[in-house]
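The structure comes first, then the points grouped by topic.

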There are 2 protein chains.
Amino acid sequence: MALTDDAIAKIRSMIQSGELPPGTRLPPEPVLAAQMGLSRSGVREAVKVLESARVLDVRRGDGTYVTSLAPRLLLQGLGVAVELLRDDTLLEVMEVRRMLEPMATGLAALRMTDADLDELGQILADMRAAADDAEQLIRYDTAFHHTVVATTGNETLTSLLDGLSGRTLRARVWRGLIEGNAAHQTIEEHHTIYLALRARDQLLAQASALLHVNTSEAWLRTVLAAGSADE
Amino acid sequence: MALTDDAIAKIRSMIQSGELPPGTRLPPEPVLAAQMGLSRSGVREAVKVLESARVLDVRRGDGTYVTSLAPRLLLQGLGVAVELLRDDTLLEVMEVRRMLEPMATGLAALRMTDADLDELGQILADMRAAADDAEQLIRYDTAFHHTVVATTGNETLTSLLDGLSGRTLRARVWRGLIEGNAAHQTIEEHHTIYLALRARDQLLAQASALLHVNTSEAWLRTVLAAGSADE
DNA sequence: TCGACCATATTCGTCAGATGTATCCCGGCG
DNA sequence: CGCCGGGATACATCTGACGAATATGGTCGA
């Protein structure tokens, strides 16, 4: 295969070189096909790939545009990739989170505003109120960590961590937590992190986040062990 | 759009659920099209997307197979995503590397074998010998850090860091380094990391890696500043 | 003048069918 | 037993067509 992949590479390099800045509208598919020397089918495959990578935005009846190329978009693919990883590599993902999340949380302690803290306190309260609903817990857990990391102001970091803790992964951890009657303790870990953040204590925030990720990893281990034992 | 994206989601969920384990061969495109209720064109677009994500491996004349789903494959897309990030977000990437790379290097200090160290020493020697050739320097720089991180045994971590320090990013840093007559000093930073690793000193390895990433970030800043001044 | 409405052009979404070409597999031959 | 064709299989690409969603520009009425 060459034609379609060439087209992908060509479009990508035109974007990378700045020839097609964010927001640019591409020529209609038939024109693009003629320009790149292949049929419309080939162009469509190429465009579809770049659309799935959030590089292009295809609007039916309108045209195809270059996206903003924001990290939040381009790094979105990480999430779906992580979702497809095999079970035995999820622990590797956890090890990465173990490195990244404490650092990010520590950084957040320095940069967090009072408004951020209030928002976080609200999420924490919601989490406590939903202590019985796994679905809600996962949602608030996600919101909590996302909010913390987002206050670092680093969108790339936020997107990476969001991707690394995908929905499936979180769901498994919480399944273990709930079945192991450790949900309450874990909610308290969030409280500990919250207190450290409110105190603007970087080291304490870092340490409490590490402990928290460690708890998640431990419960993931039990879930994975139970899962492999079933087979 | 629904049909093609549905097909993508359908295939992906079949893989995620274990219905299509790694190595499985998919039905021929016409059959797949019939099964999923759309034309062959649509199936081809779906397959192409999953192929570009390294989820499927299409072999002409043979068939379409599910890949190993190894992190090294699935996280490969991160690299191309980073390549497309706009200049002003590259500093965010550097900030992430600044968190991750020292941690990884510190971990490597604990896990590195003598053979790994010898290989690293060789790369270092090569780097010194190529002090004038930017192209070679970039190659050896890449190899050096990849080798270090790879010894952590965490393929996910390795793939992430590989992706975060893409070719273009490295090339820019080295351009700055060379033009700023700082290449020699940077090579010595590698030597410092090497010594820490050989001493199996985790903290020292961590610290020297942080200094090194910091140097890279500083030179990236100058390159970016010079670039934006040109316009 | 301004806003709502409508017809039309544009553009992507999807399909059907056909041909080219790489690869695999198996049977025949030395 | 190993090498080598030739048919079968499967992807690669093209062509042409129709459907559906959207944008656009003009018209009409308040």
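A:Thr89 sits in helix H6 (residues 87-111) of chain A; helices are DSSP runs of H or I with at least four residues, strands are runs of E with at least two, and both are numbered from the N terminus. The model is predicted: local features need pLDDT of at least 70, side-chain atom pairs count only at pLDDT 80 or more, and totals for chains, interfaces and linings use all residues. Residues are numbered from 1 along each chain as its sequence is written, chains are lettered from A and ligands numbered from 1 in the order in which they are written, and side-chain values use heavy atoms, without hydrogens and water.

**A:Thr89**
- A:Thr89 counts as buried because its relative accessibility is 4%, where buried means under 20% relative accessible area (1.4 Å probe, protein chains only).
- A polar side-chain atom of A:Thr89 lies 2.8 Å from the backbone oxygen of A:Arg86.
- Apart from neighbours within four places in sequence, A:Thr89 contacts B:Pro71 and B:Thr156 (heavy atoms within 4.5 Å).

**Surroundings of DNA strand D**
- DNA strand D is surrounded by 22 residues, each with a heavy atom within 4 Å of the strand.
- The closest are A:Ser39, A:Arg60, B:Arg40, B:Arg44 and B:Asp62.
- Of the atoms of DNA strand D that come within 4 Å of the protein, 70% belong to sugar and phosphate.

**Side-chain atoms at DNA strand D**
- A polar side-chain atom of A:Thr4 lies 3.2 Å from a phosphate oxygen of DNA strand D.
- For B:Arg40, a polar side-chain atom is 3.0 Å from a base nitrogen of DNA strand D.

Technical notes. A polar contact is a pair of N or O atoms within 3.5 Å; within protein, one must be able to donate a hydrogen and the other to accept it, and residues adjacent in sequence count only if both atoms are side-chain atoms. Buried means under 20% relative accessible area, exposed over 50%, partly exposed in between (1.4 Å probe, protein chains only).
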